[in-house]
Amino acid sequence: MTDNKNLFRITEERRRVLLIEDDFVCQEMMKESIGDTYDVVIAESGEEALDIIHEQHDTLSMILLDLNLPGIKGLDVLSRIKSDPEYSRLPVIVMTSDNEAEVECLSLGAMDFIPKPYPASKVILARILRTVELYEDRETLRMTERDQLTGLYNKEFFYRYAVQLDLYHKDEPTDAILFDVNHFHTYNDRYGKVRGNEILKRIANNAMSYVKESGGIVCRSGADTFMLYCRHLDDYQALLDRLSADLDDGGSGENRVRLRMGVYVNADKTVDIERRFDRAKMAADTSRDRLTDPVGFFDHSMREAEILEEQLIDDFHAAIREKQFVVYYQPKYNVKQDRPFLCSAEALVRWKHPTLGLVSPGTFIPLFEKNGLIQELDYYVWSQASSQICDWKTRLNVSLPVSVNVSRIDLYDPELMDKLLNIAKKNGLRPEDLLLEITESAYTEKTDQIVTRVKNLRECGFRIEMDDFGSGYSSLSMLSRMPIDALKLDIQFIRSAFKEQKDTRLLEAMTGLARSFGVPTIAEGVETAEQFTELKAMGCDIIQGYYFSRPLPADEFEKFFAKEYEEENLC
Ligand code: C2E
Ligand code: MG
Ligand code: MG
């Protein structure tokens, strides 16, 4: 599936035609007819022709084929050209005196005929030009509708053709299937892009051969994600096995390339086509990492989740207008000295929904990150938190920095810095009063761009905390380039260290690693006295969690100030 250089033809460059003809007189006559318009390359036998096609197919615009050849016969040459995916698209015009051969040639894929003896030159030229132009138009379309790497449709055309397929097969049960590679980015990091691309091409070939045999259409919809729209199946594991064939060059265990799949069985054709594949994606997400059961299905509970998501999106703007989003504050304690002291708070949003009650951010943040509404919500939360800091300063004479969460999506907003600076200014704050929590995984895509943006924020005075540290697959060399003022260990390390089978080794290693960056280490999700004591002993500087307090509404949070005042320690 190579790029076809014909498509990038400079208009002055002459098109090249391969003439497969053993008869010298016929060669000369044809050159006489078309030689002024085309560059003519001659092959005197089928073998020679196949060699030239193999070497030069990228530069050829079409082939003129005599059927009566020595050695490999013309019909065999034709069928070999047409059965090789590399050059099957090259148009072939057959030259013959045998009218009977036409049907067979057409069924083998010939585009047109030129009878022998040859007609007038202008007739030959007109036929060749029509064929070449048809081919070039088809190729241009192909280029726009295909993914360059794999030759599969791209997503836009795939959706278009899927809708057409529905028109032809209105009543046929059809499945929307999405599949991708488990942890493709780690595979890519480990073995390099070239090998990564090779894997994607193999998956594409497997999918293409399946579709050719069983019908349906397939596309590559994103980096390592493919979508298949096909007649309803019974055995999805068999399909997954077929798509996964020959992906490993002897790789085994951890190194094996594994696919996972999500299926929306008997997709409802009244639902928008993109939505049908969103459902397949939702199903695939349920199978992530499930090595023994890599196929997930869209089911009733997902439909309910989808209905809830629709409602949350519909209600969003009214909720902002009516201030239904409420910011809670959770204290962070500095534990470096004997007596812990309150050093900041994290602003965490909740939605007081009029019919659903208190909705937790875990339900709506990922959804709003998907559709971009998160930018509006975060702006709202930052403003609320800033005016709260200002209120505490003026009313209670307490200066407490507050950390706000900055979503990965916000970091792509070129106006992010201006927005934050304006909010701070409006509330009479210095940038130092706001800590920005940025999750580690925000740095994994477009790392350079993100690092630069975060550096700029830091240069303006905002302090940066890396949230969920240890969950984002960052390499050590990458971490050392990150502009950060504090590291917040991912809550999972604490959870798994203090499970029934207590094992703190990984937690110790992560704490040690975090400390080696020379910035304060924060542990969140700390619930018990035992966890508190051990984390303090491991060298954590700041601790946040239910051990001190759950996140609280602003007025309830104020009790911590009173407590600090009593002990005269508030910064
Ligand atoms: P996060 O930023 O890592 O916040 C920590 C989460 O851990 C919070 O969950 C907090 O309530 C919870 N937590 C704190 N201490 C404990 C504990 O001792 N035990 C347990 N089990 N959990 C504890 P929450 O508030 O549900 O927030 C979840 C996530 O939603 C946050 O994770 C953050 O990524 C996101 N989020 C919350 N508010 C915002 C926001 O305003 N903007 C953005 N972009 N994301 C937000
Ligand atoms: Mg956070
Ligand atoms: Mg966190």
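**Close-up views of a predicted model**

**Figure 1.** Pro117 lies in the loop that separates β5 (112-115) from α5. Helices (H or I, at least four residues) and strands (E, at least two) are DSSP runs, numbered from the N terminus. The peptide bond joining Lys116 to Pro117 is cis, with omega at about -5°. The structure is a predicted model, in which local features need pLDDT of at least 70 and side-chain atom pairs count only at pLDDT 80 or more, whereas totals for chains, interfaces and linings use all residues. Residues are numbered from 1 along each chain as its sequence is written, chains are lettered from A and ligands numbered from 1 in the order in which they are written, and side-chain values use heavy atoms, with hydrogens and water left out.

**Figure 2.** Asn266 occupies the loop between β9 (259-264) and α10 (273-285). Although Asn266 is not a glycine, its phi is positive, at about 45°.

**Figure 3.** Ligand 1 is surrounded by 24 residues, the closest being Arg350, Asp378, Asp467, Glu527 and Tyr546. A residue belongs to this shell if one of its heavy atoms lies within 4 Å of the ligand. At least two shell residues come from each of β12 (341-353), α12 (361-371), α13 (374-396), β16 (463-469) and α17 (491-497); β12 gives the largest share, 4 residues. By class, the shell holds 10 nonpolar, 5 polar and 9 charged residues. Here Ala, Val, Leu, Ile, Met, Phe, Trp, Tyr, Cys and Pro count as nonpolar, Asp, Glu, Lys and Arg as charged, and the others, Gly among them, as polar.

**Figure 4.** A backbone N or O atom of Val349 is 3.3 Å from a nitrogen atom of ligand 1. Taken alone, ligand 1 exposes 800 Å², of which the protein buries 83% (Shrake-Rupley method, 1.4 Å probe).

**Figure 5.** The second largest pocket lies between domain 1 (10-145) and domain 2 (155-298), because both give residues to its lining. Domain bounds come from an automatic or database domain assignment. On a 1 Å grid over the protein atoms alone, a pocket is an open set of points where a 1.4 Å probe fits, with protein on both sides within 12 Å along at least five of seven lines; lining residues have an atom within 4 Å of a point. Of the 15 lining residues, Pro85, Arg89, Arg142, Met208 and Lys212 lie nearest the centre of the pocket. Both α5 (121-145) and α8 (193-214) supply at least two lining residues. The lining comprises 3 nonpolar, 4 polar and 8 charged residues.

How values were computed
A polar contact is a pair of N or O atoms within 3.5 Å; within protein, one must be able to donate a hydrogen and the other to accept it, and residues adjacent in sequence count only if both atoms are side-chain atoms.
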